[in-house]
Structures are given as C-alpha cells and as structure tokens.
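Reader: I am new to reading protein models. Could you walk me through this one, feature by feature?

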Amino acid sequence: MQVQAKMYLAEEKKYAGGTKEVVLRAVTRGPENKSWCSATPNGTLSLSISNPPAADYFDVDDESDYLITIEKVRRYVYDDGHGFETDGEGSCRLCSVNEAAHPGTDAYKKLHPEG
Ligand SMILES: [Zn+2]
C-alpha cells in the first residue's frame with residue numbers, strides 16, 4: 001500500500017553552500033483539489049535539501065503542485081531473522097552489524113559452534 005498527498009510549495013529558502021529549505025502544504029483551493037482537501041484538510045512537510053538536482057526540483061516560481069508518495073519500508077534490526085547482506089566493508093547493509101556478530105553467517109557459526 002501507498003499513501004499519497006498533493007501539496008504545493010509554500011516557501012523556499014536558499015542558504016550559502018547550496019542547501020535549500022522547502023515547506024510544502026496540503027492543497028486546499030479550487031475544485032480540482034476538493035477531494036484531496038476532504039481527505040487531508042491540513043498538512044505541512046518541511047525538507048532541508050543539500051543535493052543540488054533535488055533542491056532545483058523545487059521551484060516556487062513554476063506554479064507546480066507536488067504529489068508526495070509515502071510507502072512503508074521494513075526497518076531491519078539485529079537478530080530479527082533476516083539474512084546477512086554485505087555492505088562491502090564487513091557489515092550488514094540492513095542492520096549495520098558486523099559479519100562475525102551476525103547470526104547465519106559462516107563467521108558467526110565459527111564463533112558459535114553450538115548453534
Ligand atoms: Zn543484518
């Protein structure tokens with residue numbers, strides 16, 4: 001499942017060093033936004049963006065609205081049964097635990113021969 005919100009760019013501030021701060025608010029005006037407004041009558045999303053292409057994507061002068069898609073992703077924790085996935089530097093990219101301490105790896109089995 002995903003949840004979507006339609007928002008407009010209410011404010012943008014540019015800072016030295018290229019960081020941009022944007023404030024988006026839920027759309028409320030106009031017949032085209034009536035159904036959005038009844039589902040989400042109020043809402044604010046504030047972002048501080050330092051990636052230049054992403055910062056440039058938000059432009060208060062281009063009169064665009066923004067469709068925000070929200071999708072849950074699983075948060076992995078140590079010992080929840082997930083498999084080790086290397087980050088290329090000896091740790092698990094999902095939970096940050098190092099290979100020897102991560103259940104299910106060969107290195108872990110050597111240290112814990114009883115199981
Ligand atoms: Zn892990």
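Author: Gladly! Let us begin with strands: helices (H or I, at least four residues) and strands (E, at least two) are DSSP runs, numbered from the N terminus. Two strands pair if DSSP finds at least two bridges between them. Here β1 and β2 form a hairpin with five residues between them. In its turn, glycine 17 has a positive phi of about 95°.

Reader: Before we go on, what kind of model is this, and how are residues numbered?

Author: It is a predicted model, where local features need pLDDT of at least 70, side-chain atom pairs count only at pLDDT 80 or more, and totals for chains, interfaces and linings use all residues. Residues are numbered from 1 along each chain as its sequence is written.

Reader: How many bridges join β1 to β2?

Author: Seven bridges join β1 (residues 2-14) to β2 (residues 20-26), and the two run antiparallel. Lysine 14 has lysine 20 in β2 as its bridge partner, and lysine 13 stands opposite glutamate 21.

Reader: Which strand order does the sheet have?

Author: The open sheet has four strands in the order β3-β2-β1-β4, with antiparallel pairing. β3 (44-49) and β4 (65-71) stand at the edges with a single partner strand each, so one side of each has no neighbour in the sheet. The twist averages 40° from one strand to the next; for such angles, axes are lines fitted to C-alpha atoms (for helices over the stretch in contact), and angles run from 0 to 180 degrees between N-to-C directions. Between β1 and β4 there are seven bridges, again antiparallel, and lysine 6 stands opposite leucine 67 in β4.

Reader: Which residues does arginine 25 touch?

Author: Contact means that the C-beta atoms, placed from the backbone, lie within 7 Å. Not counting residues up to four places away in sequence, arginine 25 touches Met7, Tyr8, Ala10, Gly43 and Thr44. Arginine 25 and leucine 45 are 20 residues apart in sequence, and 6.4 Å apart in space, C-alpha to C-alpha.

Definitions and conventions. Two residues are in contact if their C-beta atoms, placed from the backbone, lie within 7 Å.
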